[in-house]
Amino acid sequence: MTRRRRRGILIGGALCVLAVAVGLVLMALRDSIVFFHTPSDLTAKGIPEGQRIRLGGLVATGSVKRGQGADVEFAITDTAEQVTVRYRGVLPDLFREGQGVVTEGKLEAGRVFRADTVLAKHDENYMPPEVAKALKEKGLWQHGAPPPAATAPQTASEKK
Amino acid sequence: MIVELGHFALVLAFLICLVQMILPAWGAQIGEARLMRVGEPAALLQLGLLIVAFGALTHAYIVSDFSVSNVWANSHSTKPLIYRISGVWGNHEGSMLLWVLILALFGAAVAAFGSNLPTTLRANVLSVQASIALAFLLFILLTSNPFTRLDPVPLDGRGLNPILQDPALAFHPPFLYAGYVGFSMAYSFAIAGLIEGRTDAAWARWVRPWTLAAWMCLTVGIAMGSWWAYYELGWGGWWFWDPVENASFMPWLAGTALLHSAVVMEKREALKVWTILLAILTFSLSLMGAFLVRSGVLSSVHAFAVDPQRGVFILGIMSVFIGGALTLYAWRAPSLRQGGLFAPISREGGLVLNNVLLTTATGTVLVGTLYPLALEAINGAKISVGPPYFNATFVPLMVPLLLALPFGPLLAWKRGDVHAALQRLMIAGLLAIGAAVVVFAFVERGPWLAPFAIALGVWVVAGAISELLFRARAGNAQGAEVLRRLGNLPRSVYGTAIAHAGVGVMVIGIAATSAWQSEKILTMRPGQTAQIAGYELTFKGVAPNDGPNYREIIGLMTVSRGGSLVTELAPSKRQYNAPPQATSEAGIYVALAGDLYAVLGDDAGDGAWAVRLYFNPLVRLIWIGAVIMFIGGAFSLSDRRLRVGAPSRRRPRRPVPTPAPAE
């Protein structure tokens, strides 16, 4: 075999692997990415029921209700609009009213969000970037400031 | 005073770096030996100064000197000593100081042990190494000074994030950084090689052990992080395909590829251009990892509140080093002389396949990690790319890699024989098929692919053992003679086999725990019993407890199997004082078949508590596999051929030391 042919085989093989990988990536990007929305986006963009999305915002003060077993219900707000979230499971340690939170799941009939994942973050000052950005765009929060109170007066005194 | 001394040492180190960056490279250019010789003392001095700086900060942490802003923000007087020390790198400023310290350590290693390297190569390597240190020192001094004082002095600190107060996480960052930064060695050698316009086997002989050492540290660092996430985050998972995890995983994948291509370069002088590129890419991915973690641009379970201004600075560092290196590469790489020829089916061919698959896999992880950022920049849409993406792209690329893995070491250099290799792997193949059949017959639930994944793991482990037996020519000898021959095999052969077996062990663990994990979420009243994976778990109620810097509520549980008591579990919910933050401690019972994992949830009222139970079959094999890979690396590193360091400048004419199979 000549050097040129050997190199041809090598490059051809590598290109085949690359082509397969590109195919896999494109397919996966079409099927398995999840869009992030705020409660206001749900109305504004008309997200259909049953589509898997991430919903983020602040946990509305006074909205957390525990139901049967490990069922929990709470509301996520971006201070303009509010969406009820139902979740079955153990909430993360940093889940608290007034804190930034990201949930993942599907919208059900009656504007109820059925979440199967709830993410609250490691650090109590940490704001998920999507939430921070969404709040900043609405002019509700500046970087470095404590999270805005989910509904004005009560949480101000709760914050240390 | 000590703190100011540390700050002063840091500034001096910066100046030394400036000297070390300019003079040796200039000397190498004009052929002036006296200028080149500046590199070694400068590198050692730089290390000494950074040890002083790091020591000063550590001292401030140990004595809880809250006049230092960094100590105040990340430590607390009631914190146990070990976490006061680990607190030094448990924050942004301190961890960057650790980063440059390790960088200096590697630079000093070249100065101390590199006396047999060609003088100009050594001078250039030290210059490049200094330029990296220079950039990061500037970053620390301008944006992240750990020595800033506070006035008035606060009475007590704010404390370290409690989930970082953990033994595994105390040592996770140093290992991870040793890995990240260790790849700077390969980078510096690649740049120096490009500047000189020549690289040879001696180059690869130097780069390989350092890359191997960095790779070992990174392996352990990632495994520690995964283990920590497993028991500390309370989700029962060991890997989340989280951007920050990916940031450490990408350099690991690229580093693994580099490790293998450097073998080809050392033994056969082939793949030079590619190896150089890979060395640049590996360290570039490390830099990108630092950027992603430190800039806070990504939403991640591991992201901490960070200052976006710093991200811009690191982005600048990244652009200079990656862009500069790639430009130099584009300019100089064509002039590198091509090395040995080989047939597609050969040891080299196998290693090329390894490289193609590993780098492609790195690419898919990179796309998944950066796609959300790119999309948001383009049209503002915010998305998350989660495990489904990575399972659909990364895993299919690993299957051919694992299938081909046992063949590689059994093929001869230049031209291999697949039939012969297949014959030698006959028993391994039969064992793998047997394993699949057994799993298929005895485990009823779970995905149908799972038995094949287990078989793949068994195939890799058995293949590694087959390779050892083949090299010892076990087929035509009896007991004692086989043992004698096994004892005579070079350590690097053992290193390869052990590391590969570690991969197989890890694959078995991943397959088992992904396929057959059981999960139960329920509310339990005292006295209630839950069934999981054949265990009966009884909730006895909760009890309060006070720790050194936290209060906790412990859930008391007894675990029995078939009526007899097995163990007691005590998952707890902790409330730390400083900073005031809640964490969960999982209760874990480790059995041979897997882990029984319990997390205490919220108070559901009336004495009932939410409880989350998992049974994670064979999950320990994942970390055991990583440790085995580390041990394999250590074996290779201790091989005499590598320990000797760089060989003489003339190309070694020795025959390939491992017995090459007859063609």
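At which residue does α13(B) bend, and which proline follows within four residues? In this predicted model, α13(B) bends by about 45 degrees at Leu370(B), with Pro372(B) as the proline that follows; the bend is the angle between axes fitted to the seven residues ending there and the seven starting there. Local features need pLDDT of at least 70 and side-chain atom pairs count only at pLDDT 80 or more, while totals for chains, interfaces and linings use all residues. Residues are numbered from 1 along each chain as its sequence is written, and chains are lettered from A and ligands numbered from 1 in the order in which they are written.

Helix α13 of chain B covers residues 347-379, helices being DSSP runs of H or I with at least four residues, numbered from the N terminus. Its 33 residues reach 47 Å from first C-alpha to last, close to the 48 Å expected, that is, 1.5 Å times one less than the number of residues. Just after α13(B), Gly380(B) has a positive phi of about 80 degrees.

Now to two helix pairs, with axes fitted to C-alpha atoms over the stretch in contact and angles running from 0 to 180 degrees between N-to-C directions.

| Pair | Angle | Axes |
|---|---|---|
| α3(B) and α7(B) | about 30 degrees | 10 Å apart |
| α9(B) and α10(B) | roughly 150 degrees | within 9 Å |

The angle makes α3(B) roughly parallel to α7(B) (under 35 degrees), whereas α9(B) and α10(B) are roughly antiparallel (over 145 degrees). Gly39(B), Ala43(B) and Gln46(B) of α3(B) meet residues of α7(B) including Arg122(B) and Leu126(B), a contact meaning C-beta atoms, placed from the backbone, within 7 Å.

Definitions and conventions
Helix = DSSP H or I, 4+ residues; strand = E, 2+ residues; numbered from the N terminus. Parallel < 35°, antiparallel > 145°, perpendicular 65-115°, else oblique. Contact = placed C-beta atoms within 7 Å.
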